[in-house]
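Please look over the sequence and the structure before reading on.

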Amino acid sequence: MINLRLAIVEHSAELPAMECGNFFHSAALFGIYESTPRMRPLMVVASDGAGRVLAHLLAVVRRRSWALPPFFYSHCIVLGEGEYAAGADREALFGRMLGALTRRLQGRVLYIEFSHLGSKMFGYAKFRGCGFFPIHWLNVHNSLHSRKPEERLSAKMRRRIERVCRRDVVTAEVAGEADLEAFGHLLKRHNRLKPKRYIPDMNFFRELLKTGNGKLFLTKHKGRVVGCCACVFSAGNAYLWYSAALRKSYARLHPLTATVWNAIKYAHENKYAHMCFMDVGLPFQRNPYREFILQFGGKPVSTYRWFRFSFKWVNALLAWLYRD
């Protein structure tokens, strides 16, 4: 590609002017990552000889602690394939940006993960060429534009929601610092025994609310917080990114049901086309959380998540174990 220029930007002040219809690759999310402890954003920018941005891709390096050696490590997450100018060769530009990001992070992170690509086979050859391997995954989304959410519920879920509505269970948006602290406390408590789940510092959610690109919801029973979730909005769709509930302590109230259902209703009332669930669990054949989410009438979609480990022997072993 003639006169293509690639740059990896690490500070928001250095970002060029870009079209940002995709929140997951926007300057707004870059700024949220930048102001959140243990997160370091990287924006890969591809431009032509005249300086016009042809594509950009947002990655975030997250620092984590672990109970086993090496105790502390970093990994890189990319949500989606980036954003592209009209008429651009998406696959070719993606391959160049992927190569630049891989070279920058080689040896600096334990692994790189790409998820939530627009289509299952997007960039397949480019990923393989950069040493990534795929793992079969399932995504779930609910269509909100053709039928009412109530019409898509399973019979079991409809009866459960009717019971919840008769009890003193209320879901509302987070309002004020006290609600935000309660949100964070429940989210961390719910996920402390889930080693794969990464919960960012509360400043992430505080900054998210400031941008207007997200909403936080709390579910309460007689003033006690029993459920919560975080939603973000991008390109006409709503995304449920994080959720938590006191499912065992308040099993009869079904707090997670109430929380997710009210988030779906909010998305429908505000004319979003789909509710997409960012994480429905590991790709096992049977997954209780995924089966729970599907009862709201969602559609499972087979896809890939792509991984690349910096240790060559680890990457080769896992690529062999997860070979197609």
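## The largest cavity

Arg 197, Leu 240, Trp 241, Tyr 242, Ser 243, Phe 277, Met 278, Asp 279 and Tyr 289 line the largest cavity. A cavity is a set of points on a 1 Å grid over the protein atoms alone where a 1.4 Å probe fits but cannot get out, and lining residues have an atom within 4 Å of a point. The structure holds 1 cavity of 30 Å³ or more. The space in the largest cavity comes to about 70 Å³, a volume being the space filled by probe spheres set on the points, which are joined across faces, edges and corners.

Strand E11 (residues 237-245) gives the most to this lining, with 4 residues. Strands (E, at least two residues) and helices (H or I, at least four) are DSSP runs, numbered from the N terminus. By class, the lining has 6 nonpolar, 1 polar and 2 charged residues. Here Ala, Val, Leu, Ile, Met, Phe, Trp, Tyr, Cys and Pro count as nonpolar, Asp, Glu, Lys and Arg as charged, and the others, Gly among them, as polar.

## Basis of the model

This is a predicted model, in which local features need pLDDT of at least 70 and side-chain atom pairs count only at pLDDT 80 or more, while totals for chains, interfaces and linings use all residues. Residues are numbered from 1 along each chain as its sequence is written, and side-chain values use heavy atoms, with hydrogens and water left out.

## Salt bridges

The count comes to 10 salt bridges, each being a side-chain nitrogen of Lys or Arg within 4 Å of a carboxyl oxygen of Asp or Glu. Glu 10, Arg 40 and Arg 104 are linked in a network of such bridges. Another salt bridge joins Glu 81 to Arg 90, with the closest N and O atoms 3.1 Å apart. Glu 81 is buried at 10% relative accessibility, whereas Arg 90 is partly exposed at 35%. Buried means under 20% relative accessible area, exposed over 50%, and partly exposed in between (1.4 Å probe, protein chains only).

## Pairs involving helix H6

In the salt bridge between Glu 177 and Arg 206, the closest N and O atoms are 2.6 Å apart. Glu 177 lies in helix H6 (residues 177-191) and Arg 206 in helix H7 (residues 202-211), so the pair ties together parts 29 residues apart in sequence. Glu 177 is partly exposed at 38% relative accessibility, and Arg 206 is partly exposed at 26%.

Asp 179 forms a salt bridge with Lys 220, at 3.4 Å between the closest N and O atoms. This pair links distant parts of the chain, helix H6 for Asp 179 and strand E9 (residues 214-221) for Lys 220, 41 residues apart. Asp 179 is buried at 16% relative accessibility, while Lys 220 is partly exposed at 28%.

Notes: On a 1 Å grid over the protein atoms alone, a cavity is a set of points where a 1.4 Å probe fits but cannot get out, and a pocket is an open set with protein on both sides within 12 Å along at least five of seven lines; lining residues have an atom within 4 Å of a point.
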